[in-house]
Amino acid sequence: MKRRWGRRNWREWDDVPPAREDPPIASGRHLTLSLPTLPSSIPLARHTAQIRFTAWGLPRGAAVLDAALLIVTELVTNCVRHAAERSPQLGLTVSVGDSYLEVLVADQHPRVPGVSAGGGLQVIAELVYDFGGHLAIAPSTLSAGKTVRVQLPLPAKPAP
C-alpha cells in the first residue's frame, strides 16, 4: 500500500501507478553524478541539473524545471544534513524522457525517512502531488542505503 499527500493530510491510495523502473537511458538524456556529502555539493548539484535540463530542452523559467531544481536542492540537502555521517558520497541522477523528467538521489544511510515527519520531504511530496507526479522512497537493492525517486510529467508539446 502506498501513501499520497492530500491537501490536508495523508491518505492511502492504490490506484496510482508506481514510478517507472528504468530511466530513459536510450534517449541519451541521462546524467549520473557521485558527489561528496558536503554542503558544497548542494549548489553544484542544482547548477548541474539546471544546465542538463535546459540543454535537454526544458525552457528556463518553466514551472516543472523550477520544481525539479527545488527537488534536487532539497534531496541533496537532506543527504548532507542527515546521511553524511554514514554516507560520504551521494548519487544524483537526472534524466528526461518523452513525457517525464526524473530525479534520483541515493545515499548509504540505512534510515528510510517518512514524508509525514515534515521538512524537505513534505515540500517535495506536495510539489509532486501538485504536478501529478510520483515519489518513491525505498531501501537500495545494491547497498545498505536508500534511493528517493521523483518523476514529474512534462508539459505537452504544442502540435505543429
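Modeller: Contact here means heavy atoms within 4.5 Å. With that cut-off, among contacts in the chain between residues at least 6 apart in sequence, 65% join residues at least 24 apart.

Colleague: Fine, and what am I looking at?

Modeller: This is a predicted model, where local features need pLDDT of at least 70 and side-chain atom pairs count only at pLDDT 80 or more, while totals for chains, interfaces and linings use all residues. Residues are numbered from 1 along each chain as its sequence is written, and side-chain values use heavy atoms, with hydrogens and water left out.

Colleague: How many helices and strands are in the chain?

Modeller: Three helices and seven strands, taken as DSSP runs numbered from the N terminus (helices H or I, at least four residues; strands E, at least two). Along the sequence the pattern reads β-β-β-α-α-β-β-α-β-β.

Colleague: In what order do the strands of the open sheet sit?

Modeller: The order of the five strands is β3-β4-β5-β7-β6, with antiparallel pairing. Two strands pair if DSSP finds at least two bridges between them. β3 (30–36) and β6 are the edge strands, each pairing on one side only.

Colleague: How many bridges does β7 make with β5, and who faces Tyr100?

Modeller: Eight bridges join β5 (residues 100–107) to β7, and Tyr100 has Pro153 as its bridge partner in β7. Between β6 (residues 134–139) and β7 there are six bridges, with Leu135 opposite Val150. A hairpin through six residues links β6 to β7.

Colleague: Why is β7 called largely enclosed?

Modeller: Because six of the eight residues of β7 (residues 146–153) are buried, the strand is largely enclosed by the rest of the structure. Buried means under 20% relative accessible area, with a 1.4 Å probe and protein chains only. For the chain, buried residues make up 44% of 160.

Colleague: Switching to helices: at what angle do α2 and α3 pack?

Modeller: About 155 degrees, with the axes of α2 (residues 63–83) and α3 (residues 120–131) 10 Å apart. Axes are lines fitted to C-alpha atoms, for helices over the stretch in contact, and angles run from 0 to 180 degrees between N-to-C directions. The two helices are therefore roughly antiparallel, a label for angles over 145 degrees.

Colleague: Which residues of α2 and α3 make the contact?

Modeller: Among them are Leu70, Ile71 and Glu74 of α2, and Ile124, Leu127 and Phe131 of α3.

Colleague: And which strands does α2 lie across?

Modeller: β4, β5 and β7, running at about 5 degrees to β5.

Note on methods: Parallel < 35°, antiparallel > 145°, perpendicular 65-115°, else oblique. Buried < 20%, exposed > 50% of the residue type's maximum accessible area, 1.4 Å probe, protein only.
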